[in-house]
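Subject: Structure handover

Hi,

Here is the structure I promised to pass on to you. Please open it alongside this message, and my notes follow below.

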Amino acid sequence: MKKVYIKYNPYKVETEVMLEGKELKVLDLTDKRLQEWIEDFPRILFEECNTLEEEFEITFKGTSLDYEDVEFVVENARREGIETENGKVFPENVRMHVIHEAVQELGDKEKAIEEIFYDIQNGPFQELNDKSLKHSFEMALSEKFPVNVIATMSAGKSTLINALLRKKLMPAKQEACTAIVTEITDKDKDIFEASIFDKNNIRIESNPNLKLEDMERFNSDSSVSRIEINGDIPFVSSDDTSLVLVDTPGPNNSRDAEHQRMTMRNLNETSKTLVLYVLNATQLAVNDDSNLLEMVADSMKVGGKQSKDRYIFVVNKLDNFRKGEDDVESSIEKVKKYLEDKGIKNPNVYPASALTALDIRTILKNHRVVGYSEDELDELDDNVRDVINKVKKMNKNIEFHLEKYAPATPSMRNKLNKQIEEAKELSSSEDKEEKSEGMKREALIHSGIVSIEEAIKLYVEKYSKTAKIKNIYETFHSRLESAKSFENVKQEILSNREKQAEITKAIDEIQNKLKDAEGGKKFLEEVESLNGNEIKESIRPIFENVQQEIQKIIYGQQGQEFRDYQIESKTNEFETKTKNLDNKVQIKLEETVEQKVKNMYDKLVKSYKDKLKSLSEDIKIANIEIDPLDFISGDIDSMNANLIFESIAEEKSVATGRTKTVKNQKKSGFFGWIKFWEPSYVEEEIYEEIRYVKGEEFAKRYFSSPINHFFEISEETEKYIDDTITKIKRNFRKEADKLDSKLNEKLEELKGFASENNNLENIINENNSKLAWLENIQNRVNGILEI
C-alpha cells in the first residue's frame, strides 16, 4: 500500500502533495484551487506508479468542505474506474482510502477576524484607526456575492426566485415576463425597498415598500431598465454573506442589448459567479437554450471542479407529469442527456417543484394541513385546498421526494436527512398545529427548494468566503507592515542617539533624492513612454475571428435559395446571429482591454517602486482607482431586408406541386390516332414564375452592414484605448505626487525623532510597547490564512 499526503490551504491557495514521503513533482499546483485539479488526481497517481492495480491510503489535511471533494472524486473512481495512458483501471482495482486530518474551519476564522479588527480600531496607532482602513475592511467584509438566475421562456424562473424569497414579488406568467434586470440584495429587512433606473443608469424612482403589483408595473414600463432591491433572502444571513439574486431577462426578451451582454458575461469562462440555470422539465430543447448552453459548455471546460460547481441546473415543474406519462427519474436522465448533447458533462442537476414550494411558503403560511372538519374544508379557499393536497401528495409519493435525486455532498445530505427527521417527528404529533408544521416542512424538502438553497450556501462557503478572508488579510497586512517598518526606523533612531547628526544627514539625502529633478524627469519619461500599441495588437485577433465567423455563415448559405415569403424569417435568423456575435465581441474586448490595462498599471507601479528603491522606507502604494470600462454599445442598424431582396432578385419557373388536365400531345398530329395505347388526356405539372434570391448572395448583402459595424467598433475601441491610457497616466502622476508628499512628511517626522533629546526613556518605552502590540496583531493576522 502506497501512502499519499495532501495538504491544501484554501485561503493561501497553497498545496503540498507527497507520494511515499516524496513531493509529487508531476503536478504543477501553483495558485491552483483544489477543485481545479482533484478530478484528475486518481489517474495521475496510477500513471505515476505505472500500474493498473495498486492500493493507496490518502491522508488529506484541509477543511471539511474540501475533504468532501476529495472523497467525492475517490468514490467516483471506485465506482467507474480510471482511464490512464496505460489502459483502464477497473473499479475493483481502485483501492483508495481517504483519511481526514482536521484543521481550523471557516467559522473560527470569521470570529478571529472580527476580534482583530476591533483591537486594531482601539489600538495605539492613529493611522490604523482611519476611515480608509475601516472602509476597506467593511468593503471586503460586505463584498456582494451574485447568484445569477437564468432561464428561457416558461421555465418558472420568477416562481423559483419567489420561492427562495418566500414571497410573491417577481411577476410570473406563462409567457416571457422578465424584461428588466433585477438585483435583490440580502439586507435582512422585513420589507423590500427598491431603486428604479433607466437604461442610462439614472434613478427615476424609489419605492420604500415594493409589492408584486409594483414589479408588474415596472416590468411593463419601457423606460425601466434595472431595479435594485434591498430585502430579506431568508435562507442566508446578511451578517454571513451579502448574497445578491440577479434576475436577468431571457435571451430574446431583454429590453436592452446590455442585458444580453450581462447574461453572457455571467456565463463566460472568466466569471466565477454562481449560476442557477432553470430548465422546464416538460419543455426541453427550446431554441433559446442553444446559444446559452454553448457558452456554459465552453465555460465548464476550464477551471476544473469549481467551473462545474458554479452551475446549478434547476429542472423545474417535475411534479407536472400525469401518472403513466413519464416519471421523475427518467425525466432527470433526459435532462442530463440533453445537456451532455450540448457538451455539458456531468452537470449538477437539481430537480424542483418551485410552485409547490412557493405555495407552501405563501398560500399555506397561515393555514393548517390537517385537523379540519368537512364543513371547515368546504369553507376553505380553493387555492388553500389545492396546496393542502399538494403537501399530502408530495409527502406520500416517494417518487416526488425530489431531494433524493440532488447531487448533494455528504454534509448536505446529512443536513437534509436531519431536517426530514425533525419534520417527521413533528408530523407524528397529536397536536394538529405541530403536525401541520411538520408536514409542510417535509413537503418543502421534498419539493427540492431546500436542496437548492443548501447548494447555494455550500458554494458561497467553499469559494466566496475563502476569497473574502484572503481579501481581509491583505487589507490588514499591508497597513501593518507599513506601520511596523516606520516604527522600526523610529526605534533605530532612538537607540542610536550618538548618530543623531548622521541620521539627520541621511534623511536629508533621501529627501533631496526625492526632490531630484533628474530622477523625477526619468520617472515621468517612463510613464509617458507607455502607449496603447500592445493593447491594440491584442484586440485585432478578436475582429479577425468575427470576420471568419461571418464568412462561415455566408458560406453556409451556398446552394440555397430563398423565396420572398422566406426572407423575413431568414433575416431574423441572421439578426440573431449578428447580435450574438456583437455580444461576444463586446465581452471579449472588455476582458482583453481590462487585463491589458491592469498589466499597464502594474508596470507603472513597478516603475514607481523602482524610483523609490534607493529610499530607506518601502512606502506602500494605495490602489489607484481606474474607472470601470464603459464599452461602446448600440443597436445594429441592419440594412432593410426588402431592399436587399429587390436589388438581387431573379426569376425562374418552378413546379408548384399542383397539376391540371390537358390534351395528350402524343395523340396529336397525323399519326396520333394510331397510338391507341396513349390516353387522350393527361395530368400536367403546373409551373409558375417565382422571384427568389440565392442564399449566399443574400447573406453577403445582409452582412455588409454588420461588417462595417465591427470596423467602426474596432476604430472606436482604439480611440478609447488611447483616451484611457492618457487618463491612467494623468491619474498616476497625481497619485505619485501625493505619495511623494506623504513620504516627505514621514521623513520630517523621523528628523524630529532624531533631534529629540527630552524624555527619551518614556519615548523608548512607549515605542517598544507599540512594537510589541504590532508584533502580536501581525501574528494574529498571519494566522488568519493558516490552517
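**A covered strand, β14**

Let me start with strand β14 (residues 274-280), which is mostly covered, as seven of its seven residues are buried. Buried here means under 20% relative accessible area, exposed means over 50%, and partly exposed lies in between (1.4 Å probe, protein chains only). Helices (H or I, at least four residues) and strands (E, at least two) are DSSP runs numbered from the N terminus.

Before going on, a word on the source: this is a predicted model, in which local features need pLDDT of at least 70 and side-chain atom pairs count only at pLDDT 80 or more, while totals for chains, interfaces and linings use all residues. Residues are numbered from 1 along each chain as its sequence is written, and side-chain values use heavy atoms, with hydrogens and water left out.

Back to β14: L274, L276, V278 and N280 point one way, V275, Y277 and L279 point the other way, and all are buried. In a regular strand, side chains alternate between the two faces of the sheet. Strand β8 (residues 144-151) runs parallel to β14 and is joined to it by five bridges; two strands count as paired if DSSP finds at least two bridges between them. Within that pairing, A151 has V278 as its bridge partner. Strand β15 (residues 311-316) also runs parallel to β14, through six bridges, and there L276 stands opposite I312.

**The five-stranded sheet**

Five strands make an open, mixed sheet in the order β3-β2-β1-β4-β7. Its edge strands, β3 (22-23) and β7 (94-101), each pair on one side only. Strand β4 (residues 54-61) runs parallel to β7, with eight bridges between them, and I58 sits opposite V98 of β7.

Two helices pack on this sheet. Helix α2 (residues 41-48) touches β1 (2-9), β2 (14-19), β4 and β7, and its direction makes about 130° with that of β4. Contact means heavy atoms within 4.5 Å; axes are lines fitted to C-alpha atoms, for helices over the stretch in contact, and angles run from 0 to 180 degrees between N-to-C directions. Helix α3 (residues 64-80) touches β1, β4 and β7, at about 170° to the direction of β7.

Helix α2 is mostly covered, with six of its eight residues buried: F41, P42, I44, L45, F46 and E47. Just after α2, N50 takes a positive phi of about 55°. In α3 you will find E75, which is partly exposed at a relative accessible area of 37%. E75 and V98 are 23 residues apart in sequence and 9.7 Å apart in space, C-alpha to C-alpha.

**A helix pair**

How do α4 and α17 cross? The axes of helix α4 (residues 106-121) and helix α17 (residues 449-495) come within 11 Å and cross at roughly 25°, so α4 is roughly parallel to α17 (angles under 35 degrees count as such). The residues in contact include I113, I116 and F117 of α4 and I469, I472 and F476 of α17.

**The whole chain**

The protein chain has 24 helices and 19 strands, and buried residues make up 47% of its 787 residues. Among contacts between residues at least 6 apart in sequence, 79% join residues at least 24 apart.

Best wishes

How values were computed. Parallel < 35°, antiparallel > 145°, perpendicular 65-115°, else oblique.
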